[in-house]
Amino acid sequence: MSLRGWCPSLAEPMPAADGLLVRLRPRLARLSAAEARLVADAAARHGNGAIELTNRGNLQLRGFSAASAAAAAAMIGPLDQPVRRPGLLTAPLLGVDPAAHPAGEVLAARLGAVIAALPEVSGRAEKFFITLDGGGAAGLGAMGADIAMTAAGPAMQDAGWVLRRDGDPHAVFCATDAVVGVVEGWLRDWLRAGVARMREMFPGAEAAARGSAAVTVDRIPGVAMVSVPFGAMDAARLRAIADRAESGDGVLRLTPWRVIMLAGARADADADADADADAGAPAGARVRACVGRLGCAAASTDTRADAALLAARLWADCDVHVSGCAKGCAHPMAAALTLVGRDGRYDVVVDGRAGDAPVRLGLGLADVVAQFGMLADAAV
Ligand code: SF4
């Protein structure tokens, strides 16, 4: 069975090396502390307890059987965005960051209602997603959304919004009151066209860069940024984050950058990090890894363990992606250095994506360290 192009959901789990995998798309990419504990309970009680924060701010739970996946879906289904309809990803600090557009929350709610009213389109809507970026300190950057909405200017001036369709060379500028109507019209055009992604409506359009952009999120006073190394955590960790959220406003804001933001929560130097950072890596370095052979039958290497070994040996601003195969799930965009697992070793792509042509074939980790200028005297 080919799994290419298929996105798992609560209703349609995906087979993986450690059992079935389900994906929860929390509404507005937020969970209350109580909801986060419910997710943790579903993962621990019915799955193997592994939880992943994806590069679209979703949560994947692993290690289910068909029956236990159904039981988990019954527990956490009410937290999910409407199935078989486009996903809506909002910038995490809408409503919290005074520099973000004040209408962002209202637009998100109105768009959510529009999406929920659309007919289901199984097989077409699973990858289609919309971003709502109100600006401020934690914007969404270039994520390759099918529809992207970006505040046009400084928040308090209400300078309107810039709307873009992936593949359309022309952006639309419109006033706040007109945004939902324009986007709803575009969604209905897409439904009538019968295509899966927006860029298919613009023949000849170049594919946009996809995935979570490398972003710089400034530290924001009063907002704790909880690091989730490689996007991986377990149920106990999610419960601990939920507990900590309750020292602030009680909301977990999920981001595409392997960070969960907690507004008003107490500081914790051991758990907090800059966005897009991973434990063990120097400040400013970015290291990404998919689940690897522990959870994916397509992998032959232990990507996260290898990435953790590399992380301590990186220079300050490097950008490394360790991928179990050429699909590049953890980071569909280009990285300075991408290691692509094959037969227990790595092919190496420079300044490209996991599927691009490698410049070296079949290297072990020590070879990678030695040949690409990492600290060669550190034993790997
Ligand atoms: S990139 Fe990683 S998680 Fe994705 S299919 Fe390949 S091995 Fe599996």
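**Entry 1. Gln-81**

Which residues does Gln-81 touch, not counting residues up to four places away in sequence? I put this to the model, which is a predicted one. I found that Gln-81 touches Arg-25, Pro-26, Arg-27 and Leu-28, and also Pro-86, Gly-87 and Leu-88.

I then looked up where Gln-81 sits. Gln-81 belongs to the loop that runs between helix H2 (66-76) and strand E6 (87-90).

**Entry 2. The protein as a whole**

Before going further I noted some totals. I recorded 7 helices and 19 strands in the secondary structure of the protein. The protein has 380 residues, of which 53% count as buried. I also looked at contacts between residues at least 6 apart in sequence, and 61% of these join residues at least 24 apart.

**Entry 3. Strand E7**

From E6 I moved to strand E7. E6 and E7 pair in the parallel sense, over 4 bridges.

How many of the residues of strand E7 (residues 129-133) are buried? I found 5 of the 5 buried, so the rest of the structure largely encloses this strand. I next noted which way the residues point. Phe-129, Thr-131 and Asp-133 point one way from E7, while Ile-130 and Leu-132 point the other way, and all are buried.

**Entry 4. Strand E11**

Which strand pairs with E11 in the antiparallel sense over 5 bridges? I found strand E14 (residues 259-263) in that place. Within E14, Met-261 is the bridge partner of Met-225.

I turned to strand E17 (residues 335-342). Here 6 of the 8 residues are buried, so E17 is largely enclosed by the rest of the structure.

I then listed pairings of E17. Strand E16 (residues 319-323) pairs with E17 in the parallel sense over 4 bridges, and Ser-323 has Val-340 in E17 as its bridge partner. Strand E18 (residues 345-352) pairs with E17 in the antiparallel sense over 7 bridges. In that pairing I noted that Gly-341 stands opposite Tyr-346 in E18.

How many residues lie between the strands in the hairpin of E17 and E18? I found 2, and Asp-343 in this hairpin takes a positive phi near 55°.

I looked up two single residues. Val-180 has its place in helix H4 (residues 179-193). I noted a relative accessibility of 5% for Val-180, which means that it counts as buried. Not counting residues up to four places away in sequence, Val-180 touches Leu-107, Arg-110, Leu-111 and Val-114. I also checked Val-180 against Ala-108: the two are 72 residues apart in sequence, and their C-alpha atoms are 9.2 Å apart in space.

Arg-199 lies in the loop between H4 and E11. I found that Arg-199 also counts as buried, because its relative accessibility is 17% and the cut-off for buried is under 20%. Which side chain does the side chain of Arg-199 join in a polar contact of 2.9 Å? I found that of Asp-166.

**Entry 5. The cavity**

The structure holds 1 cavity of 30 Å³ or more. I recorded about 40 Å³ of space in the largest cavity.

Which residues line the largest cavity? My list is Ala-91, Leu-93, Leu-94, Asp-97, Ala-100, Gly-134, Gly-135, Ala-137 and Ala-138. By class I counted 6 nonpolar, 2 polar and 1 charged residues in this lining.

Note on methods: Residues are numbered from 1 along each chain as its sequence is written. This is a predicted model: local features need pLDDT of at least 70, side-chain atom pairs count only at pLDDT 80 or more; totals for chains, interfaces and linings use all residues. Side-chain values use heavy atoms; hydrogens and water are left out. Contact means heavy atoms within 4.5 Å. On a 1 Å grid over the protein atoms alone, a cavity is a set of points where a 1.4 Å probe fits but cannot get out, and a pocket is an open set with protein on both sides within 12 Å along at least five of seven lines; lining residues have an atom within 4 Å of a point. Grid points are joined across faces, edges and corners, and a volume is the space filled by probe spheres set on the points. Ala, Val, Leu, Ile, Met, Phe, Trp, Tyr, Cys and Pro count as nonpolar, Asp, Glu, Lys and Arg as charged, and the others, Gly among them, as polar. Buried means under 20% relative accessible area, exposed over 50%, partly exposed in between (1.4 Å probe, protein chains only). Two strands pair if DSSP finds at least two bridges between them. A polar contact is a pair of N or O atoms within 3.5 Å; within protein, one must be able to donate a hydrogen and the other to accept it, and residues adjacent in sequence count only if both atoms are side-chain atoms.
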